[in-house]
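Here is a short briefing on one protein model and its ligand. Keep the structure open while you read.

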Amino acid sequence: MKFDTIIIGGGLAGLTCGIRLQKAGQKCAIVSAGQSAMHFFSGSFDLLCRLPDGTEVSNPVEDMDKLPEYHPYSVLGKEKVRKYAMEARDFLMSCGIRTSGDCTRNTWRITPTGERKPSWLTVSDFTALDSKDEKIAEKALIVNISGYLDFNTSFLAESFESHGTRCRVESLKLEEMERLRNNPSEMRATNIARVMDRDEIWIKAAGFVRDMIKDEDLVVLPAVFGLKNAEITDRIREVTGVRTIFIATMPPSVPGIRSQMTLKAEFEKAGGRFLPGDTVIDAIRDEDGRISSICTYNLGEIRLHADNFVLASGSFFSKGLCASPDGIYEPIFGIDLNCSDDRAEWFDRSFWKRQNYISFGAITDNHLNASKEGKIIDNLYVIGSNLGGSNTLHEGCGGGIALITALAAADEIIGKMEERR
Ligand SMILES: Cc1cc2nc3c(=O)[nH]c(=O)nc-3n(C[C@H](O)[C@H](O)[C@H](O)COP(=O)(O)OP(=O)(O)OC[C@H]3O[C@@H](n4cnc5c(N)ncnc54)[C@H](O)[C@@H]3O)c2cc1C
């Protein structure tokens, strides 16, 4: 099978790149082994929340100058990063994902434990605050689904009250949820959201919530609505009649899975071929060291050929990078990595401290081309969290790196395609 471009990994980076390429007239395939980081999404894409030394960032675009030269934003160049950061919101919108936010000013998202963290683009069902200390309302009614343990109302109430909001906590009991409650492991965000996606159920739930409101000016609900369609959250707001916000739950993430499904549908609508549940296990190189084809677990002897390949296989979490007693390696192409050979430098024994292994990953040139033994492979691009040089957890830049490098790599490939015409 022959494609113009094959993308390995169908998370945020792979899908973004695939959509851009497919819409530009390329014939693309995405091979994707399994779940992506979007299943654990907080509801906000982060562009740059902190500098490596821990300094909080308020204007991500301005502070990019302070990043080290090996950071993916520095490798790509500030102008390109700014351009794609400006474009990202419209790109998501064109795929059907509504967000708010701006790359020149971080806002504050509310985490499942009530903490406030800087963020860039926040999906429409969530609320981003203008300042860390903002008093969100005078009085809030926090409602949980009875028996649901992944939404901690006490933490949220404590956090809201520390910012001056008086809180009342209520529990919503629905007979339709009782089947899930028979087995506590079924009482997870996505299973609840599947039930809540039915019109008669969310209308009933929203009606119960409306009846609980006394004099509160804010209703707070867990983000377990709108697995297929974010508009349900707007309609719940209409029913309750007071300002209603949805707060991220512990994973799985309903808005994350919805966003992932929306991007996948957009890729397929544009004519792309998505091969789910398959793992790329090897690559064939020609005599110049360029990649000519790849092999997958399911396709066996059948190789997938393409002019260009994009590695979007994620970091350790998604098995895009692996660690063995002998070192860190990228399992498909064996490309050059930015990492330490000294195991003692991989991690800090204190779980809460900065973990170095998160910044390990592929080295590229400023076209995002990978190298092997120091030699650039000009038809292999690396995007997203497979890239080294940034500590996405510590710096809060994972979503930005995924979106920006995906759009940049797609434009590199489109540029080459247009040159050939
Ligand atoms: C748990 C978690 C939560 C996060 N939450 C946020 C957040 O809320 N906001 C934010 O901005 N950033 C977040 N991040 C950072 C995150 O890395 C990026 O936001 C982004 O989603 C990463 O996308 P990606 O496409 O690069 O990688 P991934 O999402 O990791 O996707 C890689 C994909 O490649 C597939 N794959 C791997 N190897 C192969 C193979 N050999 N063959 C075929 N497919 C393969 C995997 O199965 C997976 O589907 C989070 C990261 C993690 C780990």
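In what order do the three strands of the open sheet stand? The order is 6-5-8, and the pairing is antiparallel. Bear in mind that this is a predicted model.

- Strand 6 (116-119) and strand 8 (128-129) are the edge strands. Each has a single partner strand, so one side of each has no neighbour in the sheet.
- Strand 5 covers residues 107-110. Four bridges join strand 5 to strand 6, in the antiparallel sense.
- Trp108 stands opposite Pro118 in strand 6. Arg109 stands opposite Lys117 in strand 6.
- Strand 5 and strand 6 form a hairpin with five residues between the strands. Look for Gly114 in this hairpin: Gly114 takes a positive phi near 90°.

**The shell around the ligand**

- How many residues lie around the ligand? There are 33. Ser42, Asp46, Val280, Ser318 and Ser385 come nearest.
- Sorted by class, the shell has 17 polar, 14 nonpolar and two charged residues.
- Four elements each supply at least two shell residues: helix 1 (12-23), strand 2 (28-32), strand 3 (44-45) and helix 12 (398-420).
- Which element gives the most to the shell? Helix 12 does, with three residues.

**Backbone atoms close to the ligand**

- Ala33 has a backbone N or O atom 3.0 Å from a nitrogen atom of the ligand.
- For Ser385, a backbone N or O atom lies 2.8 Å from a ligand oxygen atom. Ser385 is also one of the residues that come nearest to the ligand.
- For Gly399, the distance from a backbone N or O atom to an oxygen atom of the ligand is 2.9 Å.
- How much of the ligand's accessible area does the protein cover? On its own, the ligand has 1000 Å² of accessible area, and the protein covers 87% of that.

Technical notes. Residues are numbered from 1 along each chain as its sequence is written. This is a predicted model: local features need pLDDT of at least 70, side-chain atom pairs count only at pLDDT 80 or more; totals for chains, interfaces and linings use all residues. Side-chain values use heavy atoms; hydrogens and water are left out. Two strands pair if DSSP finds at least two bridges between them. A residue is near a molecule or strand if one of its heavy atoms lies within 4 Å of it. A polar contact is a pair of N or O atoms within 3.5 Å; within protein, one must be able to donate a hydrogen and the other to accept it, and residues adjacent in sequence count only if both atoms are side-chain atoms. Accessible areas come from the Shrake-Rupley method with a 1.4 Å probe; for residues, only the protein chains shown count as cover. Ala, Val, Leu, Ile, Met, Phe, Trp, Tyr, Cys and Pro count as nonpolar, Asp, Glu, Lys and Arg as charged, and the others, Gly among them, as polar.
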